[in-house]
Amino acid sequence: MSGWEKNIRKVVPYVPGEQPKEEDVIKLNTNENPYGPSPRVKGKQLELEKLRLYPDPCASQLVKAIADYHGLKTENVFVGVGSDDVIAMSFLTFFNSEKEILFPDVTYSFYDVWADMLKIPYRTVAVDDKFKILSEDYKCPNGGIIFPNPNAPTGIAEPVSFVEDIVSANKDVIVIVDEAYVDFGGESAVSLIDKYDNLLVVRTFSKSRSMAGIRIGYAMGNEKLIQYLNDVKYSFNSYTMNMPSIELGVMSIEDEGYFRESIAKVISTRERFIKEIEKLGFTCLPSKANFVFATHERLKAKYIFEEAKKNKIYVRHFNKPRIENYLRITIGTDEQMDIFIDFLKNLV
Ligand SMILES: *Cc1c(COP(=O)(O)O)cnc(C)c1O
């Protein structure tokens, strides 16, 4: 080993879902929304001459649009390059205790990567045998808490009262609720941010707004939390949000009709898909997200995953304890799900 190698920050990186190069695949592996962004986003004329200039470091237009949308003040909103950026920044800002931070054992697999990378001690808390998070397990000394609601990859949602139970029992640390999937049927904890100054709610444009490619995420919380986040951000990179993301983000927020319509389509396809595959011997966890987490009574998840891939259908399989016999299947269009259902019928 060369001398310098001992001083390297060594990390085991997060592995994102595959983005296959071929065009004709059915892609149900990374929870993208099949309907695409609002026509207002697609029709927006960008003044590319403006790329000469640095973008607005405060991303004011976008922050204002998001604040208005949620009935908040701009001081309650922080924006970043996808919620991955917002959450990483939040770990850096809020998780500096010597005590362990807590998150579920079955959850978004980026949390332990950020904790390792930033040298934050952590402990995972087992979800129960129905994959539910238990609020009682989070009532112990800790350095902070994060969980998604609905959880990923299970899709299980908890009511606001559940979030409040955890937040109110942990007033000396920051509790982050990752609401990446909340628009697909969950209950948001945004209503609690006036009441609890230790709650941060994180959202993304990648799933429900069908804009994963533009990279917009945001956090909502007490103005002090947002100020601390901004201090860290400006100590890191002042210009995280570029001009196209700021302007196209605003366009998306302004088209509520399209947003509601595309979400309603995903939800109705989800419910139909669950019924269809349950007839084929699958069990699905109750999902309030744009994916379902399913296991088959006889066929191994890994086998289904591999056979589907041979048929150019991509779903997600996690080679991890407790969930290795489950598939996370993103809800696509009705046509895509019908093709997948036909494939499963043949396989079963
Ligand atoms: C997709 C996802 C994110 C990250 O989304 P971005 O594309 O970075 O905004 C964060 N948390 C969970 C639980 C997710 O599923």
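## Who sits around the ligand

Helix 3 (residues 82–94) gives the largest share of the shell around the ligand, three residues. Keep in mind that this is a predicted model.

So who else is there? The ligand is surrounded by Gly 82, Ser 83, Asp 84, Tyr 108, Asp 178, Ala 180, Tyr 181, Thr 204, Ser 206, Lys 207 and Arg 215. Sort that shell by class and you get three nonpolar, four polar and four charged residues.

Which residue has a polar side-chain atom 2.6 Å from a nitrogen atom of the ligand? That one is Asp 178.

An N or O atom in the side chain of Thr 204 is 2.5 Å from an oxygen atom of the ligand. For Arg 215, an N or O atom of the side chain is 2.7 Å from a ligand oxygen atom. On its own, the ligand has 390 Å² of accessible area, and the protein covers 93% of that.

Where does the ligand sit? You'll find it in the largest pocket.

## A look at Thr 330

Now let's turn to another residue. Thr 330 is part of strand 13 (residues 327–330). Is Thr 330 buried or exposed? Its relative accessible area is 1%, so Thr 330 is buried; the cut-off for that is under 20%.

Thr 330 also has a polar partner: its side chain makes a polar contact with the side chain of Asn 31, at 2.7 Å.

Terms used. Residues are numbered from 1 along each chain as its sequence is written. This is a predicted model: local features need pLDDT of at least 70, side-chain atom pairs count only at pLDDT 80 or more; totals for chains, interfaces and linings use all residues. Side-chain values use heavy atoms; hydrogens and water are left out. A residue is near a molecule or strand if one of its heavy atoms lies within 4 Å of it. A polar contact is a pair of N or O atoms within 3.5 Å; within protein, one must be able to donate a hydrogen and the other to accept it, and residues adjacent in sequence count only if both atoms are side-chain atoms. Accessible areas come from the Shrake-Rupley method with a 1.4 Å probe; for residues, only the protein chains shown count as cover. On a 1 Å grid over the protein atoms alone, a cavity is a set of points where a 1.4 Å probe fits but cannot get out, and a pocket is an open set with protein on both sides within 12 Å along at least five of seven lines; lining residues have an atom within 4 Å of a point. A molecule sits in a cavity or pocket if more than half of its atoms lie within 2 Å of its grid points. Helices (H or I, at least four residues) and strands (E, at least two) are DSSP runs, numbered from the N terminus. Ala, Val, Leu, Ile, Met, Phe, Trp, Tyr, Cys and Pro count as nonpolar, Asp, Glu, Lys and Arg as charged, and the others, Gly among them, as polar. Buried means under 20% relative accessible area, exposed over 50%, partly exposed in between (1.4 Å probe, protein chains only).
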